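Colleague: I would like to learn how to read a model of this kind, one feature after another. Could we look at it together?

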Amino acid sequence: MARSLDRLYKGFRNLVSLSAMWSMKHPIYSVSSRSPSVRSMAVLPFSFSKPWDFSLPNPSWGPEMMQLYEHYNSMCEVETEGEEKQESSWKRLPGYNRLLKYATGGVYLSKMIQSKARLFTRNIREPGAGFEYVLFVNIKEQKCVCILQAGHLLEGPPGHVHGGAIATMIDTVTGCLASLSGAAMTANLNINYRSPIPLGSTVVMESFLDKKEGRKMFVSCKVTSPDGTKLHTEATALFLSINLNHLMGR
Ligand SMILES: CCCCCCCCCCCCCCCC(=O)SCCNC(=O)CCNC(=O)[C@H](O)C(C)(C)COP(=O)(O)OP(=O)(O)OC[C@H]1O[C@@H](n2cnc3c(N)ncnc32)[C@H](O)[C@@H]1OP(=O)(O)O
């Protein structure tokens, strides 16, 4: 089992390169004109044979979410300098509800633990109802950006996003950054909620690796409005790299 876990984590590391391939195979929906009624009726074409990539646009995505997606997605494209083609340091990460299963071609932790396990942030099937998000990473700059559209099932204070839902997404974005070079777990997460996030709105979450000391990774995160003028949330987190056996209680 330890060997399977090692293979599994190597698979996660391959996600970054896999993402480019995946986006070529799955053309983006046309979402230019959207009304709320169209959004609520939209149904994702879930496939039971192929993993569904939740980080590609669906009809529930509003104009701000789409605009930001297109902005970061265009930065993932191959850069050309004169005749030379250079791979961009930005990558879009595909988003699966069983990340480890689909990232590793069949070897997955969920099955070892429980076949019904699903990634917390990807388990609401109604498009637009829960966490609609896409993650972009810049390995060179050790930076992760998440574009989040928070759906109506994430309500905390009336009309606004629950603080726990915000914390979940901060943990996801910072955790993704910390896990790029190996498995890591959150040891500490400090959050300052500066201004409430309206339900249905889109926010930008930027995460940076501030410092690395042995197994410790100090990561920060900032949640802002799409134009960056309004600060919603700030956070710092400590992640510790782990041996995957840690999760198996060894
Ligand atoms: C995971 C694999 C998946 C891979 C697929 C990737 C998918 C990527 C996308 C998904 C994204 C989602 C990401 C979600 C990420 C979570 O939500 S993880 C879930 C929440 N976190 C947990 O449940 C962790 C529970 N805690 C633990 O398991 C253990 O306490 C830890 C954190 C692993 C640390 O234990 P340990 O390895 O035994 O470390 P320990 O020897 O106690 O301490 C080492 C050092 O760290 C310091 N330290 C430890 N804890 C703390 C603390 N809380 N505060 C300050 N310092 C501390 C110690 O003081 C010590 O310092 P030094 O003396 O060396 O200077």
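Colleague: What percentage of the residues in the protein chain is buried?

Modeller: A residue is buried if 20 or more other C-beta atoms, placed from the backbone, lie within 10 Å of its own, exposed if 12 or fewer do, and partly exposed in between. In the protein chain, buried residues make up 31% of the 250 residues. Please keep in mind that this is a predicted model, in which local features need pLDDT of at least 70 and side-chain atom pairs count only at pLDDT 80 or more, while totals for chains, interfaces and linings use all residues. Residues are numbered from 1 along each chain as its sequence is written.

Colleague: Why does Gln 142 count as partly exposed?

Modeller: Gln 142 falls in that class because it has 18 C-beta neighbours inside 10 Å. Gln 142 sits in the loop between strand E4 (131-138) and strand E5 (143-150), and, although it is not a glycine, it has a positive phi of about 50°. Helices (H or I, at least four residues) and strands (E, at least two) are DSSP runs, numbered from the N terminus.

Colleague: How should I read the sheet, and what is its strand order?

Modeller: Strands of a sheet pair through backbone hydrogen bonds, either parallel or antiparallel. Two strands are taken as paired if DSSP finds at least two bridges between them. Here the order E3-E4-E5-E7-E8-E9-E6 describes an open sheet of seven strands with antiparallel pairing. E3 and E6 stand at the edges with a single partner strand each, so one side of each is left without a neighbour in the sheet. Within this sheet, strand E8 (residues 216-224) pairs with E9 over nine bridges in the antiparallel sense, and Lys 216 stands opposite Leu 240 in E9.

Colleague: Which strands does H6 touch where it packs on the sheet?

Modeller: Contact is counted between two residues if their C-beta atoms, placed from the backbone, lie within 7 Å. Axes are lines fitted to C-alpha atoms, for helices over the stretch in contact, and angles run from 0 to 180 degrees between N-to-C directions. H6 touches E3, E4, E5, E6, E7, E8 and E9, and its direction makes about 135° with that of E6.

Colleague: Which residues are closest to the ligand?

Modeller: A residue is near a molecule if its C-beta atom, placed from the backbone, lies within 6 Å of it. The ligand is surrounded by 18 residues, and the closest are Gly 175, Ser 179, Ala 183, Ala 187 and Asn 188. Two or more residues of this shell come from each of helix H1 (2-25), helix H6 (163-178), strand E6 (184-193) and strand E9 (231-241).
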